Amino acid sequence: MAESDNILAVPRHIAIIMDGNGRWAEERYRPRLFGHKAGVDSVREIVETSRTIGIEFLTLYAFSTENWNRPPGEVTGLMGLLKRYLQSELKTMLKNDIRLCCVGQQNRLPTDVQAVLHQTISETQSCQSMTLNLALSYGGRSELVQAVRHLAQKCQDGVLQWQEISELSISEHLFTAGQPDPDLLIRTGGEHRLSNFLLWQTSYTELYFTEVKWPDFRKDQLIEAINIYNRRQRRFGKIGAQLQAE
Ligand code: IPE
Ligand code: IPE
Ligand code: MG
């Protein structure tokens with residue numbers, strides 16, 4: 001029986017820290033960009049599988065605010081891959097009814113990448129079967145700073161009372177406004193940290209870490225992660241007996 005036949009239920013929202021491309025390439029005595037290129041094939045397979053099995057929101061951490069500190073050649077290579085990925089995927093996204101969104105500081109991206117990104121976002125905006133969030137120049141702390149500034153500005157302008165600031169209003173000022181929090185966060189590549197990803201949104205997310213490096217993370221590995229997620233009990237602070245009674 002294929003792994004995919006075992007799925008009980010799928011999480012609504014999966015977020016993935018796609019890590020390990022560089023080490024995957026280095027193991028093969030190849031330049032790091034070779035690993036990033038192989039990583040794009042994993043992105044394609046994971047997007048397609050997620051859509052097929054009925055994931056509603058998929059958020060992929062592709063480039064962090066800290067990643068700007070990498071060697072310039074690697075940053076340029078990653079931006080080129082991103083542009084080519086967006087150009088090559090538009091047709092498939094439309095065919096598969098996938099809406100593209102960007103979470104992150106779009107204005108820090110090179111202008112040619114911004115142009116393709118804006119075009120893809122606008123052409124797919126009415127697609128409904130799945131939302132693909134690409135986290136680009138994304139940092140959880142800077143996202144929160146931006147949200148706090150917006151709220152403070154609204155208070156200063158008199159359109160919001162400080163007492164009205166709530167968990168909901170903070171969520172509504174994040175890049176993920178209107179979307180459910182991730183149910184499952186996957187990090188590939190063997191590290192056990194969040195690296196500034198979705199700090200607010202993952203307060204009750206199930207975490208799954210795997211040694212598998214991103215270029216080797218494909219359909220079977222995704223299904224395995226979902227199956228492990230399905231065997232967990234999400235108690236949200238309650239006790240197990242309460243959940244059984246619900
Ligand atoms: C993740 O792989 C991709 C990006 C951060 C863009 P890495 O490039 O971090 O790969 P490792 O962690 O060095 O192996
Ligand atoms: C996290 O990976 C960012 C992305 C996957 C885009 P990093 O490789 O940049 O994370 P650190 O530096 O090991 O924490
Ligand atoms: Mg890494």
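Which residue in strand 4 does phenylalanine 63 stand opposite?

A: In this predicted model, phenylalanine 63 stands opposite leucine 136 in strand 4. Strand 2 (57–64) and strand 4 (130–138) pair in the parallel sense, over seven bridges. Strand 2 also pairs with strand 1 (residues 13–17), again in the parallel sense, over five bridges, and here isoleucine 14 stands opposite leucine 58 in strand 2. Seven of the eight residues of strand 2 are buried, so this strand is largely enclosed by the rest of the structure.

In soluble globular proteins, nonpolar side chains tend to be buried together. For isoleucine 16, once its neighbours within four places in sequence are left aside, the contacts are Ile46, Leu58, Thr59, Leu60, Tyr61, Leu185, Ile186, Phe197 and Trp214.

Strand 2 and strand 4 are also among the elements that cover the buried residues of helix 3, as are helix 2 (32–53), strand 3 (98–103) and helix 4 (111–123). The buried residues of helix 3 include Leu78, Leu81, Leu82, Leu86 and Leu90, together with the glutamates Glu74 and Glu89. Glutamate 89 is where a kink of about 45 degrees in helix 3 is centred. As for length, the 24 residues of helix 3 should span 34 Å at 1.5 Å a residue, and its end C-alpha atoms are 35 Å apart, which agrees. Helix 3 is followed by aspartate 97, whose phi is positive, near 60 degrees.

Glutamate 74, the other buried glutamate named above, has a polar contact of 2.9 Å between its side chain and that of histidine 36. Histidine 36 is found in helix 2, and this residue counts as buried because its relative accessible area is 7%, where the cut-off is under 20%. Apart from neighbours within four places in sequence, histidine 36 is in contact with Asn21, Arg70, Glu74, Leu78 and Leu81, and of these Glu74, Leu78 and Leu81 are listed among the buried residues of helix 3.

Terms used. Residues are numbered from 1 along each chain as its sequence is written. Chains are lettered from A and ligands numbered from 1 in the order in which they are written. This is a predicted model: local features need pLDDT of at least 70, side-chain atom pairs count only at pLDDT 80 or more; totals for chains, interfaces and linings use all residues. Side-chain values use heavy atoms; hydrogens and water are left out. Contact means heavy atoms within 4.5 Å. Helices (H or I, at least four residues) and strands (E, at least two) are DSSP runs, numbered from the N terminus. The expected span of a helix is 1.5 Å times one less than its number of residues. The bend at a residue is the angle between axes fitted to the seven residues ending there and the seven starting there. Buried means under 20% relative accessible area, exposed over 50%, partly exposed in between (1.4 Å probe, protein chains only). Two strands pair if DSSP finds at least two bridges between them. A polar contact is a pair of N or O atoms within 3.5 Å; within protein, one must be able to donate a hydrogen and the other to accept it, and residues adjacent in sequence count only if both atoms are side-chain atoms.
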